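Good morning, and thank you for coming.

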Amino acid sequence: MIRLVVVGAAGRMGRTVFETAQADAGFEVKACVDPAARPAWAGDVPWGRDLAAVLSRGDVVIEFGGPEAAAQSARACAAAGAALVSGSTGLSAEHEAALRAASEKVAVLRASNFSLGVLALRQAIRAVLPTLAGWDVEIVERHHRLKKDSPSGTALELAAEIKGAQGLTASSLRHGREGSVGPRPGTEIGMHAVRGGTWVGDHAVLVAGDGEWVELRHVAQDRTAFAKGAIEAAAFVAKAPPGSYHLESVAHARMAARS
Ligand code: NAD
């Protein structure tokens, strides 16, 4: 049985992780951490603001509390000897450094998107782009009106994948267009962040050639897609030695278990 602490538990993702873990016989939700007041759905699971106060060696933390919570969780997990699954996006270099430092002491798995479909989308980009060399690539992502960071962490990872496949530099990103911008340079990756309504997460990679185009697209219909991935990642880090892990590590472990 994995003892789980959910950080950012009152939020959209935190609640979905809480409910997904409660329904999984392999997990016990030991505590929830969030500055917001305990919601009724949390029942009698211990609820507080201070992660360090509830954490013991061997626990696993799943964090969806935003960039500050990611860094705070990293420090608390490293001090307590607990593994960390971190899902927040929009991290600064300082937040990233806190996660890197923690990974020297405990297992830390980060993903800007925990859905299996997005992992497959990244693999598809790698497979398709060499055939379409020289075509124009644009990313269009859509999220709900309350999302804080733009473009999404997933869109930035997809862009990194595209840059790698096309040998482009960091300056290749073009965030939206306005005015007399002239012809599109072939080295650009257009990035368009659409915000509104309740979109959970929609990422389309458009690859445009002369007289034809290809669209690779992933749509998350509800947050359980992310929560299930985070729970599987928690089971992975519970057994992993200290280090920095990605969702690919979980996918490899799953494939190895099946073969
Ligand atoms: P949300 O605003 O609904 O929830 C965030 C929660 O964190 C709130 O309840 C807030 O009170 C709490 N919080 C704020 N500061 C905290 C702190 N220091 N310690 C503990 N809790 C704190 O947001 P959300 O939609 O659930 O998204 C949360 C984060 O997860 C965002 O960064 C988002 O981009 C990211 N996200 C990642 C994935 C993924 O698959 N990796 C999927 C969806 C969202």
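Please keep in mind that the model on the screen is a predicted one. Asn113 also takes part through its backbone, with an N or O atom 3.5 Å from a nitrogen atom of the ligand. Asp34, by contrast, uses its side chain, where an N or O atom is 2.6 Å from an oxygen atom of the ligand. How much of the ligand does the protein bury? Taken alone, the ligand exposes 860 Å², and the protein buries 79% of that area.

I turn now to the surroundings as a whole. The ligand sits in the largest pocket. There are 22 residues around the ligand, and those that come nearest are Arg12, Met13, Asp34, Thr89 and Phe114. By class, this shell contains 9 nonpolar, 9 polar and 4 charged residues. Two helices deserve mention here: α1, residues 12-22, and α3, residues 67-80, each supply at least two residues of the shell.

Finally, the lysine. Lys30 belongs to strand β2, which covers residues 27-33. Is Lys30 buried or exposed? Its relative accessibility is 18%, and because buried means under 20%, Lys30 counts as buried. What does the side chain of Lys30 reach? That side chain comes to 2.9 Å from the backbone oxygen of Val54.

Thank you for your attention.

Technical notes
Residues are numbered from 1 along each chain as its sequence is written. This is a predicted model: local features need pLDDT of at least 70, side-chain atom pairs count only at pLDDT 80 or more; totals for chains, interfaces and linings use all residues. Side-chain values use heavy atoms; hydrogens and water are left out. A residue is near a molecule or strand if one of its heavy atoms lies within 4 Å of it. A polar contact is a pair of N or O atoms within 3.5 Å; within protein, one must be able to donate a hydrogen and the other to accept it, and residues adjacent in sequence count only if both atoms are side-chain atoms. Accessible areas come from the Shrake-Rupley method with a 1.4 Å probe; for residues, only the protein chains shown count as cover. On a 1 Å grid over the protein atoms alone, a cavity is a set of points where a 1.4 Å probe fits but cannot get out, and a pocket is an open set with protein on both sides within 12 Å along at least five of seven lines; lining residues have an atom within 4 Å of a point. A molecule sits in a cavity or pocket if more than half of its atoms lie within 2 Å of its grid points. Helices (H or I, at least four residues) and strands (E, at least two) are DSSP runs, numbered from the N terminus. Ala, Val, Leu, Ile, Met, Phe, Trp, Tyr, Cys and Pro count as nonpolar, Asp, Glu, Lys and Arg as charged, and the others, Gly among them, as polar. Buried means under 20% relative accessible area, exposed over 50%, partly exposed in between (1.4 Å probe, protein chains only).
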